[in-house]
Amino acid sequence: MGYLNNQVVTIDAILTTKGRELLAQNNGSFRITQFALSDDEIDYTLYNPNHPSGSAYYGQAIEGLPLLEAFPEETQIMKYKLATLPRGTSKMPVLGVPSIIDLKQGESRAVTPQTLNYLGNTTVYESSGYNFTISDVRTMSTFEGTGITTATSTDLNTTQTLGTNVSKTVIGTQLNLRGTTVNTLFGSNQNLTATLVITGRDSGARVTVPITITRTNS
């Protein structure tokens with residue numbers, strides 16, 4: 001959803017498929033209990049402490065930026081969610097994960113993120129887990145989040161992805177991967193590529209990891 005302007009409280013919102021389903025039931029099951037804020041459209045490099053008109057105008061260029069309208073593609077919106085961090089935090093949390101993931105056909109791998117510079121500790125595992133989003137789930141025989149048991153995680157982790165809807169998100173403290181064994185996906189190529197986006201559900205820390213699956217079966 002997006003605020004249409006900063007003069008009146010008007011919000012543009014698009015419901016997810018699950019949200020529309022609950023709203024259609026008209027039995028009170030549709031209740032908004034959580035929400036997130038992001039600043040995807042803000043370019044902070046435009047902050048100008050040397051503005052000739054003084055401090056009231058340092059952020060003028062930022063305040064004049066257009067705001068994004070709501071759209072339902074979760075891989076393209078709310079990439080930079082606002083998070084509340086402990087007072088005195090001097091470093092932004094970052095995720096410790098492999099910089100690249102190379103798999104052979106049918107090879108399995110477990111990815112267990114660690115959050116650095118968070119809650120006063122050098123390394124922690126976030127209690128709410130992590131969102132794992134792959135750009136093309138067809139490249140995987142297994143794409144499963146484990147370690148978190150909630151209604152949301154169970155729904156995401158058990159949803160089948162079919163047809164052209166090739167992006168998939170799961171939740172967990174660990175991600176289990178297994179490269180596809182389907183030869184026809186490769187065509188004449190030796191490799192398949194995808195991207196994995198990992199986001200800390202408590203810290204908001206985010207990282208993108210490239211994935212390569214190498215063909216081994218002729």
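Predicted model: local features only at pLDDT ≥ 70, side-chain atom pairs only at ≥ 80, totals over all residues.
Local features are reported only where pLDDT is at least 70 and side-chain atom pairs only at pLDDT 80 or more, while totals for chains, interfaces and linings use all residues. Residues are numbered from 1 along each chain as its sequence is written, and side-chain values use heavy atoms, with hydrogens and water left out.

**Stop 1: the aromatic pairs**

A pair of aromatic rings is described by the distance of the centres and the angle of the planes. Rings of Phe, Tyr and Trp (its six-membered ring) are paired here if their centres lie within 6.5 Å; planes under 30 degrees apart count as stacked, over 60 as edge-to-face and the rest as tilted. The structure contains two such pairs.

Select tyrosine 47 and tyrosine 58. Their ring centres are 5.9 Å apart and the planes stand at 85°, so this pair is edge-to-face. Both tyrosine 47 and tyrosine 58 lie in the loop between α1 (17–25) and α2 (60–63), so the pair ties together parts that are eleven residues apart in sequence. Helices (H or I, at least four residues) and strands (E, at least two) are DSSP runs, numbered from the N terminus. Tyrosine 47 is partly exposed at 45% relative accessible area, and tyrosine 58 is also partly exposed, at 23%. In these terms, buried means under 20% relative accessible area, exposed over 50%, and partly exposed in between (1.4 Å probe, protein chains only).

Select next tyrosine 130 and phenylalanine 132. The ring centres of tyrosine 130 and phenylalanine 132 are 6.4 Å apart with planes at 50°, so the pair is tilted. Tyrosine 130 is buried, with a relative accessible area of 0%, and phenylalanine 132 is buried with a value of 0%.

**Stop 2: threonine 133**

Select threonine 133, which is found in strand β8 (residues 130–134). Threonine 133 counts as buried at 14% relative accessibility.

**Stop 3: the salt bridges**

A search of the whole structure finds two salt bridges, each defined as a side-chain nitrogen of Lys or Arg within 4 Å of a carboxyl oxygen of Asp or Glu.

Select aspartate 136 and arginine 138, whose closest N and O atoms are 2.9 Å apart in a salt bridge. Aspartate 136 counts as buried at 15% relative accessibility, whereas arginine 138 is partly exposed at 45%.

Then select arginine 109 and glutamate 107, whose side chains form a salt bridge at 3.4 Å, N to O. Arginine 109 is partly exposed at 30%, and glutamate 107 is partly exposed at 28%.

**Stop 4: glutamine 105**

Select glutamine 105, placed in the loop between β4 (101–104) and β5 (108–111). Glutamine 105 counts as buried, at 9% relative accessibility. Which side chain does the side chain of glutamine 105 meet in a polar contact? The partner is asparagine 183, at 2.7 Å. The side chain of glutamine 105 also reaches the backbone oxygen of threonine 181, at 3.4 Å.

**Stop 5: the loop between α2 and β3**

Select leucine 67, in the loop between α2 and β3. Leucine 67 is partly exposed, with 43% relative accessible area.

Isoleucine 77 counts as buried at 14%. The C-alpha atoms of isoleucine 77 and aspartate 40 are separated by 7.3 Å, with the residues 37 apart along the chain.

**Stop 6: the second largest pocket**

Select Tyr80, Lys81, Met92, Gly204 and Ala205, which of the 16 lining residues are the closest to the centre of the second largest pocket. On a 1 Å grid over the protein atoms alone, a pocket is an open set of points where a 1.4 Å probe fits, with protein on both sides within 12 Å along at least five of seven lines; lining residues have an atom within 4 Å of a point. About 300 Å³ of space lies in this pocket, the volume being the space filled by probe spheres set on the points.

β3 (94–96) and β13 (206–214) each supply at least two residues of the lining. The lining divides into ten nonpolar, two polar and four charged residues. Here Ala, Val, Leu, Ile, Met, Phe, Trp, Tyr, Cys and Pro count as nonpolar, Asp, Glu, Lys and Arg as charged, and the others, Gly among them, as polar.

Note on methods. Polar contact = N/O pair within 3.5 Å; in protein donor to acceptor, adjacent residues only side chain to side chain.
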